[in-house]
There are 2 protein chains.
Amino acid sequence: MIDTLIEHINSKISKPLTENEIQLLSEIFQPKKLRKHQYLIQSGDVCKHAAFVVKGALKKYTIDQTGKENILELYIENWWAGDKESFMIGTPTPYYIDAYDDTEILIITKEDFTNKLTKLPFITELNNVLTERQSFQLMKRLHSSQTLTAEQKLEQLQDTYPEFFQRFPQHIIASYLGMTKETLSRIRKASTRK
Amino acid sequence: MIDTLIEHINSKISKPLTENEIQLLSEIFQPKKLRKHQYLIQSGDVCKHAAFVVKGALKKYTIDQTGKENILELYIENWWAGDKESFMIGTPTPYYIDAYDDTEILIITKEDFTNKLTKLPFITELNNVLTERQSFQLMKRLHSSQTLTAEQKLEQLQDTYPEFFQRFPQHIIASYLGMTKETLSRIRKASTRK
DNA sequence: AAAAAACGTTGACATAGGTCAACGTTTTCT
DNA sequence: AGAAAACGTTGACCTATGTCAACGTTTTTT
C-alpha cells in the first residue's frame with residue numbers, strides 16, 4: 001500500500017525520495033479501511049489526520065437545515081482527503097467526509113506530521129505543490145460556479161474529471177456541481193439529443 | 001513604501017526579517033503607480049510580476065462573449081495582486097486586472113523572485129502561509145456560491161470584508177458576489193426594510 | 001459651467017433551475 | 001428469494017434571479 005503513496009509523492013517533488021525517507025514514511029503512515037458510508041470526519045470534529053486514498057472513493061459535504069447534502073469535493077485513488085484548514089489550524093471542521101465505497105486509506109496523525117515530517121524538505125515541497133494546485137483549481141471552480149450554465153458545468157466536469165462519471169452516481173455529481181439531480185438528468189437528456 | 005511590505009511580511013512569518021533581508025527586498029521590489037483604469041495584466045498575458053498593493057484598489061475579472069465583466073477578486077492595501085498560476089507556471093492568464101483607483105504597488109519580476117528570493121526560508125514560509133490562506137478562503141467562497149441565496153451572500157460579505165463596501169461601488173460588489181447590480185440593489189432595499 | 005459618464009433604482013417581463021410527487025428500474029440487504 | 005433502499009426520469013408547477021429599458025442623481029471630464 002505504501003508504494004502507492006511513495007509513487008504519488010515522487011511524482012510531485014523534484015528529486016526522488018531516499019531509502020531513509022521511504023522507511024520513515026512506512027513507519028508513520030498507518031493503513032485504515034473504511035466501510036461504505038463510514039465517516040472519516042464529521043462536522044464539529046477537529047481533523048486530526050491527513051488521509052491519502054489508496055483505493056475507493058469519498059465525498060466531502062455539508063448538511064443544511066433541511067438535511068440536504070452539499071458536496072464540495074470528491075476523492076478517489078491518489079487524492080488527499082481531509083479538511084486541511086481544520087488539520088492545520090485546529091479549528092472544528094464544518095464538513096462531513098465519508099466513504100462512498102469501501103475504501104483504503106493511509107493516515108498520519110497531526111503529531112507525527114508536525115514532529116516527524118514538517119522539518120523534511122520534501123514535505124515542504126509536496127505541501128506547497130499540493131496547496132498551490134488546490135488553490136488554482138478552486139479559483140477555476142469558483143469562476144465556473146459563478147459564470148457557467150448547468151450544461152456548461154457538466155461539460156467542463158466531463159473534460160476535467162471524466163473518471164468521476166464512472167465512480168459516482170448522478171445525484172452525487174449533481175450536488176458536486178451545485179445543481180439538483182433533476183436538473184442534471186434533464187441536461188443530460190437534452191445534450192444527448194444533439 | 002517598502003515599510004508597508006516589510007510590516008506585512010513580518011505579520012505573516014514566524015521570525016522577523018533581518019536587516020539583510022530587508023535590504024534585499026528594498027533592492028528587488030520596484031514601486032509603480034497605476035492610474036485609475038490602467039491594466040496590471042490583460043487576458044492572454046503571461047503574468048511576469050508579483051504585485052503588492054501599498055495604496056489603492058484593483059479588480060481581477062474575466063470578460064465573457066457579451067462583454068460582461070465577471071469579477072473574481074478585489075484587492076486593496078496589503079493584498080497581493082496577480083495571477084499566481086500564470087506567474088508560477090508561465091501559462092497565459094485568462095484574467096484582466098486593473099486599477100479601480102489610482103494605485104501604488106511594489107512589483108518584483110519573476111526572474112528576481114526565482115533567482116534571488118526562492119532560496120530564502122522566509123519566502124517559502126510566506127508563500128506557504130499565503131497560498132494556504134487563499135485556498136481556505138476559496139473553499140468557503142465556492143461553498144457560499146453554491147449554497148447561499150443572494151441575500152445571504154451579501155450578509156456574509158458584509159461580515160467578512162466590510163471594507164469593500166467603502167471602497168467599491170455596488171455594481172462591482174454585485175459582480176464579485178456573482179449577481180447583477182439590480183439584484184443587489186433590490187436585496188439591499190429589502191433588508192434595510194427589516 | 002456644461003456635457004458626459006458613472007452609478008443606483010425601479011418596473012415589467014423572461015427564464016433557468018428548483019421543488020414536489022410519482023413511477024419504474026436496479027442494486028443492496030436479510 | 002423477497003423486501004427495502006438507492007437511483008434516475010419525468011411532469012407540473014414555482015421562484016429567485018436575470019434582462020431590458022427608463023430615469024434621476026452624483027461624479028468626472030473638458
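In this predicted model, a salt bridge joins the side chains of A:Glu85 and B:Lys140, with 3.2 Å from N to O. The pair crosses between chains. A:Glu85 sits in helix α3 of chain A, residues 84–89, and B:Lys140 in helix α5 of chain B, residues 121–147. A:Glu85 counts as buried because its relative accessibility is 18%, and the cut-off for burial is under 20%. B:Lys140 has a relative accessible area of 43%, so this residue is partly exposed. Elsewhere, A:Lys59, A:Glu69 and A:Asp98 form one network through salt bridges that share partners.

Over all chains, the salt bridges number 16. One of them links A:Glu73 to A:Lys60, at 3.4 Å from N to O. A:Glu73 belongs to strand β5 of chain A (residues 69–75) and A:Lys60 to strand β4 of chain A (residues 58–63), so the bridge ties together parts that are 13 residues apart in sequence. Both residues, A:Glu73 and A:Lys60, are buried.

A further salt bridge pairs A:Arg167 with A:Glu77, at 2.7 Å from N to O. This pair links distant parts of the chain, 90 residues apart. A:Arg167 lies in helix α7 of chain A, residues 164–167. A:Glu77 lies in the loop between β5 and β6 of chain A. A:Arg167 is partly exposed, at 24% relative accessible area. A:Glu77 is also partly exposed, with a value of 24%.

The protein surface near DNA strand D draws on both chains. Of the atoms of DNA strand D within 4 Å of the protein, 67% belong to sugar and phosphate. For A:Ser185, the distance is 3.1 Å. For B:Thr183, a side-chain N or O atom is 2.5 Å from a phosphate oxygen of DNA strand D.

Three helices each supply at least two residues of this surface: α8 (170–176) and α9 (181–193) of chain A, and α9 (181–193) of chain B. The most comes from α9 of chain A, which gives four residues. By residue class, the surface near DNA strand D holds four nonpolar, seven polar and five charged residues.

Two cavities of 30 Å³ or more were found in a search of the whole structure. The largest cavity has about 80 Å³ of space. Its lining consists of B:Glu73, B:Leu74, B:Trp79, B:Gln134, B:Gln137, B:Leu138, B:Arg141, B:Tyr161 and B:Tyr176. Helix α5 of chain B gives the most, with four residues. The lining of the largest cavity divides into five nonpolar, two polar and two charged residues.

The second largest cavity has about 40 Å³ of space. Residues of chains A and B line this cavity: A:Asn70, A:Ile71, A:Leu72, A:Ser175, A:Gly178, B:His143, B:Gln146 and B:Thr147. Strand β5 of chain A and helix α5 of chain B each supply at least two residues of the lining. Two of the lining residues of the second largest cavity are nonpolar, six are polar and none is charged.

Notes
Residues numbered from 1 in each chain as written. Chains lettered and ligands numbered in written order. Predicted model: local features only at pLDDT ≥ 70, side-chain atom pairs only at ≥ 80, totals over all residues. Heavy atoms only, no water. Near = heavy atom within 4 Å. Polar contact = N/O pair within 3.5 Å; in protein donor to acceptor, adjacent residues only side chain to side chain. Nonpolar A, V, L, I, M, F, W, Y, C, P; charged D, E, K, R; others polar. Salt bridge = Lys/Arg side-chain N within 4 Å of Asp/Glu carboxyl O. Buried < 20%, exposed > 50% of the residue type's maximum accessible area, 1.4 Å probe, protein only. 1 Å grid on protein atoms, 1.4 Å probe; cavity = no way out; pocket = protein on both sides within 12 Å on 5 of 7 lines; lining within 4 Å. Points joined across faces, edges and corners; volume = space filled by probe spheres on them.
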